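Thanks, everyone. I will keep this short and go through the strands first, then the cores, then the contact between the chains.

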Amino acid sequence: MDAPNLIAAVQALQPDATVREKTDRPTLIVPAEGLVALATRLRDDPALKFELLEAHTAIDWIEEDRFELLYLLASIAHGHVLTLSVSVDRENPEVPTLCNVYPIAEWLERESYDLMGILYDDHPDLRRLFLEDDWVGFPLRKDYEDDFMLERPE
Amino acid sequence: MGVITDKLPGVLEPVPGGQVLLTAVDQLINWSRSNSLWPLTFGTSCCAIEMMMATGAARHDMARFGAEVARPSPRQADLLVIAGTIVKRMAPRLRTLYEQMAEPRYVMATGSCAICGGPFMYDSYTTIRGADEVIPVDVYVPGCPPRPEAFFYGLLTLQKMIREGESIRHPGERRRPVLAALPEGMTLDDIRKEMQDLLSHDANVKMVDELAEGAHFSAELKDF
């Protein structure tokens, strides 16, 4: 399915979704509330069949006071790709987990919890992945500071 | 080595001429040590790819210098090549590996990250600023990553250090760490001039800058 048809098909499932212009991959901005239901339908719909969650990352937009979560979906059966973008509040970054839809999401979400501090509701095992268990803070946030870091001289 | 290095001075030194012999034994031991370095299979990032090319691949073949077999166990290795970034979580493991290695052990730090943290020196929450914060380093090889030639220059420098280094009477005494970089004051023009001198004996070689001046071109065109 090509990009305009794909976007139309997903918008039929989720009317709140808005399209982001000028992207390589077709990208839809969706609200956090219906994310699990939408992902389930994207996976199970025979015409869409997004059976693969390729990657999941978070971006810290500190000026806009929000985190952007990106879910990169792909369909092996149909050979098309889609990106879902979800914005969450920076003070309270809670988002439903996709573990029950895509099992790989468990580790991808652990990574973005570890480095960005995104909190996933109903995640079965939300622990740190790369850093030590007693690490304080989330180092990929733009406002992260600790004693070890060396300031770049001007 | 334990028996020889521990007992030999006591046995030989009272004998007439024994001290001379001891110096000769020193040279023999250092020579054999320098030519049978066994590196540890240890690499943490992109410099390790360059190290693998230098050690394992046929084109550059480290076996020519006696440092042939990369050992998977630190108990069998005596050369630790720190190839890559050392992060906070790796530092204790690196220290453990170093302490497990057989004495006398040597350390080469290759690449910017192992020397000072490199591009991750500032604003990094996890990169150790130089492997010498964790273990003592004998030879530093600059580069990002170093070319195989630079790697071998570092290895040859280390071999030279070992040959002139420890003696049986003073075990553990090392020369100071060195930076295996180009000699000070040498510029790109010097290298170019040396290459020109080396190549000028070959009649078929023509220098690009001379060609650019047009002398050769016009002469050859006239002949043509």
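Let me start with a pair of strands in chain A. Strand β3, residues 52–61 of chain A, runs antiparallel to β4(A), and 9 bridges join the two. Before I go further, note that this is a predicted model. Within that pair, T57(A) sits opposite L70(A) of β4(A). The two strands make a hairpin with 4 residues between them. In the turn, D65(A) has a positive phi of about 60°.

Now the other side of β4(A). Strand β5, residues 81–89 of chain A, pairs with β4(A), again over 9 bridges and in the antiparallel sense.

Strand β2, residues 27–29 of chain A, is joined to β5(A) by 3 bridges, and here the strands run parallel. T27(A) stands opposite T83(A) of β5(A).

Back to β4(A), residues 66–74, for its two faces. Which residues of this strand lie on the covered face? They are F67(A), L69(A), Y71(A) and L73(A). The uncovered face carries R66(A), E68(A), L70(A), L72(A) and A74(A). In general, side chains in a regular strand alternate between the two faces of the sheet.

Stepping back to chain A as a whole. There are 3 helices and 7 strands in chain A, and from the N terminus the order is α-β-β-α-β-β-β-β-α-β. Along the principal axes, its C-alpha atoms fill a box of roughly 50 × 35 × 25 Å. Of the 154 residues in chain A, 25% are buried. Taking contacts in chain A with a separation of 6 or more, 48% are between residues 24 or more positions apart.

Nonpolar side chains in soluble globular proteins tend to be buried together. The largest nonpolar core has 38 residues, and those with the most contacts inside it include L79(B), I82(B), M108(B) and A109(B). At least two residues of this core come from each of α3 (46–55), β1 (79–83), β2 (106–110), α5 (112–116), β3 (139–141) and α6 (148–163) of chain B. Which element gives the most? That is α6(B), with 7 residues.

As for A109(B), leaving out residues up to four places away in sequence, it touches I82(B), A114(B), I115(B), A131(B), D132(B), V137(B), Y140(B) and V141(B). There is also a second, separate core of 27 residues, and L6(A), A58(A), L69(A) and V86(A) are among them.

Last, the contact between the chains. It takes 9 residues from chain A and 6 residues from chain B. On the side of chain B that touches chain A, the classes are 3 nonpolar, 1 polar and 2 charged residues.

That is the end of my part.

Note on methods. Residues numbered from 1 in each chain as written. Chains lettered and ligands numbered in written order. Predicted model: local features only at pLDDT ≥ 70, side-chain atom pairs only at ≥ 80, totals over all residues. Buried ≥ 20, exposed ≤ 12 C-beta atoms within 10 Å, placed from the backbone. Contact = placed C-beta atoms within 7 Å. Pairing = 2+ DSSP bridges. Core = buried A, V, L, I, M, F, W, Y, C linked by C-beta atoms within 7 Å. Nonpolar A, V, L, I, M, F, W, Y, C, P; charged D, E, K, R; others polar.
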